Amino acid sequence: MSECGGRGSGNSSSDDAEDEGGGGGGGGPAGSGSLSPAPAGESSAGRLRRGLRCASLMARRRPELLCGAVALGCALLLALKFTCSRAKDVIIPAKPPVSFFSSRSLVLDLFQGQLDYAEHIRRDSEVVLLFFYAPWCGQSISVRAEIEHAASRLSDQVLFVAINCWWNQGKCRKQKHFFYFPVIHLYHRSFGPIEYKGPMSAVYIEKFVRRVMKPLLYIPSQSELLDFLSNYEPGVLGYFEFSGSPQPPGYLTFFTSALYSLKKDYLGTVRFGVITNKHLAKLVSLVHSGSVYLHRHFNTSLVFPKEVMNFTAENIYKWASENRETLLQWLQPHGGKSLLLNNELKKGPALFLFIPFDPLAEKHPLIDEITEVALEYNNCHRDQVVERLLQHLRQVDAPVSQSLAPEPPSPLPDTSLTAALPCCNTVVLPQGPSFSRTHNICELCVNQTAGGIRPSSVSMPQCSFFQMAAALDSFYLKEQTFYHMASDSVECSNFLTSYSPFSYYTACCRTINRGGVSFIDSEQGIFETPGTAFSSLEKCEATIPSSVPHIEENRYLFPEVGMTSTTFTGLSCRTNKTLNMYLLDSNLFWLYAERLGAPSSTHVKEFATIVDVKEESHYILDPKQALMKFTLESFIRNFSILYSPLKRHLIGSDSAQFPSQHLITEVTTDTFWEVTLQKQDVLLLYYAQWCGFCPSLNHIFIQLARLLPMDTFTVARIDVSQNDLPWEFMVDRLPTILFFPCNRKDLSVKYPEDLPITLPNLLRFILHHSDPAFTPQNVASTPSRGCLQSEPALQQGHISHLEREIRKLRAELSSLHRAQVQVEGQLSSARRDERRLRKQQQALEQQHSLLRQHSEQLQALYAQKARELEELADASETLLTENAWLKILVATMERKLQGQDGAKDPAPLREAHPDHSEPVGAPLLPSGTPPPSNASSPLASERNNENRTD
């Protein structure tokens, strides 16, 4: 039996001997059986080993405890395993898929994702449409009806298959890794997949499927050839003779190239046609069978170079896409925040045409008219082929817009007659003096001699825009001369040009009333009656100015005045503002049209707009005019001329969302003229939401609005980040303040930038510039006597009102001073309390620190006492163990002594033979050694003592 904490024996391990510090045999003085206590510095590892030995000893002595512990551990393991096995069932398994399409649908629904079956049936069909969907996808659900509609029209020619590509156990989910749904793939026999990325509309899907079904357009006649070549989309023609063989060489490659074009460009921008008649082929310079021809309107058409490039489907499409011309381009932005329009606007001025488009219609008259406009606009060299195509388009459109078709160009006039005609332009000068109700209208003629030329409606301008621009610049430098002219007759004057390359120019002017109808008898009806610009100054009222329009503003309404069809032909090459033309389907993208200025409530969704990002210009075609060839040409022509009469379209916030009963009036684009030109002095603040300094001025303007009377003064502000204004009222920094005086709205003043924006400075600025004595030096007109007399009275009223407000402010200041004294007293007492509390806080913090130190000391003492108690417990356990072994030893010795008492008689005999060290039946100690001889006397005495006690 191994010992727990006893002395080492021959059967004990070396660790036991090392822990006890003793070897085999007797240990201790005089061979006593007492055990020494464990040392105080014994390590925790030693104690752990001793505890394990004690546990093993107890298990040997009481095996039922060991069995109980083993059974308890097995029960715990079983409970843990049972709990973990139940945790795996937390995730609910996916529900089995159900059919996405109805059972009566013409679409084959593989709702379990059987991709292998779809591939099997695809090989047996000529054209197959695969619709990959996810049952939870909202877009897939919305497109489901469109797919069914397309299938109802094409099910006899096309196999429609829908595949659930979201079911986790289906092969589609395992083999296809789509990043979006739905996905439409088309296959034409073995060619595919051709992914469709266009609008998810039934008509567009059907149009694309029909293009895949018939990628080549057969052209049997000359009329259809002209239709093919006059189309706005690029066209590729292939010539193949089928008389020799049912499938000529290269035809299959050309057929595959048409499918490859649809695969790369889902819009089908490049059209492919095939010619089998050699006479038609000669019209496009195709002689040999297997030749491929790329038609271009304005550059030289090309033939595929077989000797340079391999005749493959990929090379044919690459060659056609790299060398094609873009006349009109369809745009199909994705979503409501697409960057497609922004990317196209970076290329230059853009003309966006929103038209209702039916992809399945055979004829598109409006698109034909737009194509005709684009061909004329880009026909810079008057190419004969383009002229022939234009003539063909006019013949096709004749029943629709016969009256709008321009007449054939007349022969050029005689050069001598052309030289004799003047180069003139009609100019409307600014309004005359304030007391006058007249306008000065002049006809400016360039490169004329003395004597002048009378204005005539028959004379047409024969000079370029740049010549007229130079003359106009020189004329405007001297236009002050005509301010004081007041004559009903036409007066002409000759002036030396300022910096133009011409020597002289002639200006013939006449004064007309503002309410007049015309200034030339022969031109009655051309000019409409202009509105009144300002009312009399005596009433200090003003309305929105409406100047007499420039003659070019009404020129588009009367095409016979200076406008012929020849001026529009090749206009893109005569201007620096060449337009890129884009088409958008208004049925799908009318939201973009509304953002560009189209009316939201309209019956006909047709809209045209020109956007020039570089010039920050935005023009729209009048929604009241129908979108047709004539109005579109006039719109482009007015944009292209040097001094464009088009008015920039302004986009602003909705004025209905701002209440009117406020101290500060919120101005928008629609209400700008109404607010600034009312019969009051107006102070306008320019601000923006992103301007961090602007909100700090709100309290100043609120105080200013309270000080000034609301019946004679208006304080307003405008958010220029949300509201466009005319260029003359735009600013380059924020915040900016403009002041519009009551009687002189045209003399608005800007608040000095170097002056701090404070209430006193604003008041001085307003009083100074509302003073009638303030008049710029360059103004020739003077205010009337009535207005001069009314201004001092108005100023006196302002001053008295300000004095009353100042007295009120002084009373408020005195009350504020008293309140300040009270607040200061309360603040001083609060400071004293704060100092007292701070001292108490410091004392409490000191006490807290002392308590913390005392707590740390107690914790250290507690830890020390705990260690001492642990050591005493260990020593006690050791002593108890040694005591038990001593009792066992004592009992053993007693039994031996009893045996010796029974054998007293032979004891002399053993003493007679000293060579025997011990008797045969001598008892042995547990260590295998006999007890020492001197141990019998103490044991005997102890036994005697016990007997006496008993």
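**Note on the predicted model**

1. Helix α13 (residues 365–378) packs against helix α18 (residues 629–640) at an angle of about 35°, and their axes lie 9 Å apart. Axes here are lines fitted to C-alpha atoms, for helices over the stretch in contact, with angles running from 0 to 180 degrees between N-to-C directions. The crossing of α13 past α18 is right-handed, meaning that the near helix is turned clockwise from the far one by less than a right angle. The residues of this contact comprise five nonpolar, one polar and five charged. Ala, Val, Leu, Ile, Met, Phe, Trp, Tyr, Cys and Pro count as nonpolar, Asp, Glu, Lys and Arg as charged, and the others, Gly among them, as polar. On the α13 side they are Glu369, Ile370, Glu372, Val373, Glu376 and Tyr377, which meet Lys629, Leu632, Glu633, Ile636 and Ser640 of α18; contact means heavy atoms within 4.5 Å.

2. The model is predicted: local features need pLDDT of at least 70, side-chain atom pairs count only at pLDDT 80 or more, and totals for chains, interfaces and linings use all residues. Residues are numbered from 1 along each chain as its sequence is written, and side-chain values use heavy atoms, with hydrogens and water left out.

3. The protein has 24 helices and 24 strands, taken as DSSP runs (H or I, at least four residues, for helices; E, at least two, for strands) and numbered from the N terminus. Of its 950 residues, 37% count as buried (under 20% relative accessible area, with a 1.4 Å probe and protein chains only). Among contacts with a separation of 6 or more, 71% are between residues 24 or more positions apart.

4. Strand β23 (residues 736–740) is largely enclosed by the rest of the structure, because five of its five residues are buried. Thr736, Leu738 and Phe740 point one way, and Ile737 and Phe739 the other. In a regular strand the side chains alternate between the two faces of the sheet.

5. β23 runs antiparallel to strand β21 (residues 681–687), joined by five bridges; Phe740 of β23 is the bridge partner of Val682. Two bridges join β23 to strand β24 (residues 749–750), also antiparallel, with Val749 of β24 as the bridge partner of Phe739. Two strands pair if DSSP finds at least two bridges between them.

6. Glu119 sits in helix α4 (residues 115–122). Glu119 is buried, at a relative accessible area of 19%. Its side chain makes a polar contact with the side chain of Arg122 at 3.1 Å. A polar contact is a pair of N or O atoms within 3.5 Å; within protein, one must be able to donate a hydrogen and the other to accept it, and residues adjacent in sequence count only if both atoms are side-chain atoms.

Notes:
Buried means under 20% relative accessible area, exposed over 50%, partly exposed in between (1.4 Å probe, protein chains only).
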